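Please look through the structure below before reading on. The paragraphs after it go from one region to the next.

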Amino acid sequence: MKKTIIDLFESSVEKYGAKTFLLEKKHRAFEPTTYAETKELALETGAGLAAIGIRPKDKVAILAEGSNAWIVSELGMFYAGAVSVPLSVKLPEVKHIIVIGHIPLEPGETALGTLRRLGRDYLSKHREEFLAIGRGIGNDDYATITYTSGTTADPKGVVLTHRNYTANVEQSLSRIDIPSSFRTLIILPLDHCFAHVVGWRVLLWPAVRLFDAVLF
């Protein structure tokens, strides 16, 4: 049975679309983003990546502090069929730099808002074609190449598939019970595998009433 991160996410959006998925503190107050709103932002981001030339199985890096935009950006990558390479140390050779946050842009950089505008235009012309990419991802397709500092070996990038992650989510939820009133506070950097699985991917599981993620 196919169970990718996109499959889980879309099942959750269908079941909990109007409920809060993410909370982020802005202007001294926590502002909610629903499952449905997150999907639209992710589609705009992923379609924006497609608009600038990102194709299925291309590798896209994220170097950023934990934020809603981090999660939305990775979901957007998956919709575009790309492989996420979360970074915590240094940038590799890159072709495009998408800037999260309101800071002056350097030559060759693109603001995330600009990318989403490109994505909205792309979706207006290619929506079904684009959606077919994310839905066509298989269990064994690569989801991330995650850096490990090498506790028992040399530092390396570890390749994890979509099914690696969804199986971890299933296993986690087989050991813990999550009341519907729970919220989770993510304090680990989102480039960590543990933060990926327990911090926010467990929130995608549609079989239970999912709890809100709170990011600082």
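Helices and strands here are runs assigned by DSSP, and they are numbered from the N terminus. The model is a predicted one.

Is Thr4 buried or exposed? Buried means under 20% relative accessible area. Thr4 has a relative accessible area of 0%, so Thr4 is buried. Apart from neighbours within four places in sequence, the residues in contact with Thr4 are Ile137, Gly138, Asn139, His162 and Thr166.

The strands come next. Strand 1 (residues 20-26) and strand 2 (residues 29-34) run antiparallel and are joined by six bridges. Within this pairing, Leu22 of the structure stands opposite Thr33 in strand 2. The two strands form a hairpin, with two residues between them.

For background, most residues other than glycine have a negative phi. Arg28 has a relative accessibility of 82%, and therefore counts as exposed.

Helix 2 spans residues 35-51, which makes 17 residues. From its first C-alpha to its last, helix 2 reaches 24 Å, close to the 24 Å expected at 1.5 Å a residue. How many residues of helix 2 are buried? Twelve of the 17 are, and helix 2 is mostly covered. Among the buried residues are Tyr35, Thr38, Lys39, Ala42, Leu43 and Leu49. An α-helix has 3.6 residues a turn, so residues three or four places apart point the same way. The cover over the buried residues of helix 2 includes helix 1, strand 1, strand 2, helix 3 (68-79) and helix 4 (112-135).

Helix 2 is followed by Gly53, which has a positive phi near 110°. In the loop between helix 2 and strand 3 (59-62) lies Lys57. Lys57 is not a glycine, yet it has a positive phi of about 80°. Its relative accessible area is 56%, and because exposed means over 50%, Lys57 is exposed.

The aromatic rings give another way to follow the structure. A pair of aromatic rings is described by the distance of the centres and the angle of the planes. In the whole structure, a search finds five aromatic pairs. One of them is formed by Phe9 and Tyr79, with 6.4 Å from centre to centre and 75° between the planes, an edge-to-face arrangement. Phe9 lies in helix 1 and Tyr79 in helix 3, so this pair ties together parts that are 70 residues apart in sequence. Phe9 counts as buried because its relative accessibility is 0%. Tyr79 is buried too, with a relative accessible area of 0%. Tyr122 and Phe130 form another edge-to-face pair, with centres 6.3 Å apart and 85° between the planes. Both Tyr122 and Phe130 are buried.

Which residues form one aromatic cluster? The cluster consists of Phe9, Tyr16, Phe21, Tyr35 and Tyr79.

The side chain of Glu10 makes a polar contact of 2.8 Å with the side chain of Tyr79. Glu10 lies in helix 1. With a relative accessible area of 17%, which is under the 20% limit, Glu10 is buried. Leaving aside neighbours within four places in sequence, Glu10 is in contact with Lys39, Tyr79 and Arg135.

The side chains of Arg135 and Glu10 are joined by a polar contact of 3.4 Å. Arg135 is found in helix 4. Is Arg135 buried, partly exposed or exposed? Its relative accessible area is 39%, so Arg135 is partly exposed. Not counting residues up to four places away in sequence, Arg135 touches Lys2, Glu10, Lys39 and Glu128. The C-alpha atoms of Arg135 and Ile5 are separated by 9.9 Å, although these residues are 130 residues apart along the chain.

Notes
Residues are numbered from 1 along each chain as its sequence is written. Side-chain values use heavy atoms; hydrogens and water are left out. Buried means under 20% relative accessible area, exposed over 50%, partly exposed in between (1.4 Å probe, protein chains only). Contact means heavy atoms within 4.5 Å. Two strands pair if DSSP finds at least two bridges between them. Helices (H or I, at least four residues) and strands (E, at least two) are DSSP runs, numbered from the N terminus. The expected span of a helix is 1.5 Å times one less than its number of residues. Rings of Phe, Tyr and Trp (its six-membered ring) pair if their centres lie within 6.5 Å; planes under 30 degrees apart count as stacked, over 60 as edge-to-face and the rest as tilted. A polar contact is a pair of N or O atoms within 3.5 Å; within protein, one must be able to donate a hydrogen and the other to accept it, and residues adjacent in sequence count only if both atoms are side-chain atoms.
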